Amino acid sequence: MTTTAPSPATGAARTGPVLSVRDLTVSFAGPDDTVHAVDGVSYDLAPGEVLAVVGESGCGKSVTSMAVMGLLPPTARIGGSITLDGQELVGADERTWRPLRGRRLSMIFQEPMTSLNPVLTVGRQIAEVLIRHQKLSKKEARARAVELLDLVGIPAPDRRVDEYPHQLSGGMRQRVMIAIAVACDPAVLIADEPTTALDVTVQAGILDVLKNLRDRLGTAIVLITHDLGVVAETADRVLVMYAGRPVEQAPVDELFAAPSHPYTRGLLGAVLRPGSRTKDGRARLNEIPGLVPDLRSRPDACTFAPRCAFAEDDCRGGRPQLRTLAGGHRIACHHPVTPQPEEEVSA
Amino acid sequence: MTDRVTTPVLDVRGLRRHFPAPSGSVRAVDGVSLTIGPGEVVGLVGESGSGKSTVGRCVVRLDTPTGGEVVIDGTDVTSLSARQMRPLRKKVHLVFQDPSSSLNPRMTIRQIIAEPLRLHGLASRAEASARVDELLRQVGLRPELADRTPHQLSGGQRQRVSIARALSVEPALLVADEPTSALDVSVQASVLNLLADLQKDRGFGCLFITHDLAAVEYLADRIAVMYLGRIVEQAPAGELFADPKHPYTQALLSAAPVPDPRAGRERIVLGGDLPSPLDPPPGCHFHTRCPLATDRCRTEAPELRVLPAAEPGGAPREVACHLVGEDGKAPDARAAA
């Protein structure tokens, strides 16, 4: 791979990040050109932290997570570094991955129906993970499956454990997915649009389950979503991505109170808020003019510049690097909208 | 002949759509009444399985109601044949959720938008072409796009094409079924702006079907909330959000996430799942999940009844709940949950 792997930390300090992503790049080579799906993403995830990765379709948020899970197809070219508890995962072989996936690292997806096996009972699907990773007997695994169903808030778990996915509602299926994902008490759970396919009243329950797991098990969660309402309610920290690149990263309160990147401001401005219509009529919603750039080009410039109201010549002539502002705020922009005093940038 | 101005563009009375099933029937829509005046935007809100899309499909007669009446602009279309329906199709048009599956991939944008004009014989080829350019401009697209095919456009652009096609024949009623749900946030905002602008300029009536409460608050003048095939509450948009009466409406509004990390709020978490429309619960359909349900709710189905307007001269509102008093005083589901 393109970078040298850091030596595996022996007994990684518990205070340090459980997952570190550094300068991650993912590209897919086609016959004529290359698509740069992820270009220079870095983040640290502390134990028990919820990091939301936000962006619109095609911004690379899902590809980043698939890279972290080692689930990208062999055609993907991955660069940079991903370390879990100090162990380098970029370039790791399948033998390295197998004991990690499903045990230290888990993932839940948007559509629970297509992620569950329709011909196996939910109990067997939960037990499968436990038998494989924790070497439990069938009987022990089933008992643990009932406990897990209870943990994720499924009523009558001893009856539900013998049901098939089609007998459950969408919300219940997503709870089963979460039960499978947390069966081995993973250090990191990646939730890719976990509530997008669900109704709002059901969504609220699923987000509560995730927060509850974080509190009880200390699971660190990467929450991928395009719903800024979900972000505001669930995340501790937010990473905003645009066209494969990270543009802003900040604690959630900070990001919503003082978004600094023009794209983040545009995104927050476009969100409908309660009270958008008064007696005087509809307030005009903010739009972001223009279109998302083509990921086949990889310009040495800010990729948001063509759509940005604040863009100047330097934006078109040089790629802005991520730099740290006050309050743990990181931003890749030559002209942040609410400039803050720059701090010492620690490597 | 009644006064044109007062004829509603859509009048739905007691609409039922039951689908036959091996063990009885699925009551997807079970007695829905709804009126849309000229130039009025009515939001139809509900969760998956509430029957909101089936109402939309019955209104545009993509589906045939099994009971009740659908009257479009004074014409009863409930049981018209496809052939009889054809000339009326210029009065009502539909915009679907997914623009990539509702546009023919082998037609150019120009052909797609001109098709309704051609089928209704409303324009010659040259006129239609000029009209397409004009429509594209009105929906915020460059006329150069007319010769492309749908796959060459982005999702937001495709949805604009769907809207242009729907409005090409200047319908009195536009039925929009989740028109922004498949779009990204920033694109969603631009499509909602567009719908708001076009509606203001052209004054068509609109049935806006969605699960997105923020979008419906923005666009609709009046909102009807559906639960398991029935309307449980109907009110002017502002009043519904300020003072929801039905316990289900209260729970629904409280569950929507607010894009502000500092907004403290109390959610009403509903227990259980949406019951099966194959075997809806007796009495009030919502009683199985309602934190306030009483014995009467479990046995007697509440009728949709008119409440006095919030302020003198205001529009009346309707609710189907035994627990809401004659004076419109509603119980607080939050306190009980």
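Start by selecting B:Asp30: beyond its neighbours within four places in sequence, B:Asp30 is in contact (heavy atoms within 4.5 Å) with B:Leu15, B:Arg16, B:His18, B:Gly229, B:Arg230 and B:His285. A word on what you have open: this is a predicted model, where local features need pLDDT of at least 70 and side-chain atom pairs count only at pLDDT 80 or more, while totals for chains, interfaces and linings use all residues. Residues are numbered from 1 along each chain as its sequence is written, chains are lettered from A in the order in which they are written, and side-chain values use heavy atoms, leaving out hydrogens and water.

Stay with B:Asp30, which sits in strand 2 (residues 24-36) of chain B; strands here are DSSP runs of E, at least two residues, and helices are runs of H or I, at least four, numbered from the N terminus.

Next, show both chains. Here 41 residues of chain A are in contact with 39 residues of chain B. Across this interface there are 12 residue pairs in polar contact, both residues at pLDDT 80 or more. Pick helix 8 (200-217) of chain A: with 7 residues, helix 8 gives the most to the side of chain A that touches chain B.

Last stop: select A:Arg284 and B:Asp197, whose side chains form a salt bridge at 3.0 Å, N to O (a side-chain nitrogen of Lys or Arg within 4 Å of a carboxyl oxygen of Asp or Glu). The count between the two chains is 3 salt bridges.

Terms used:
Polar contact = N/O pair within 3.5 Å; in protein donor to acceptor, adjacent residues only side chain to side chain.
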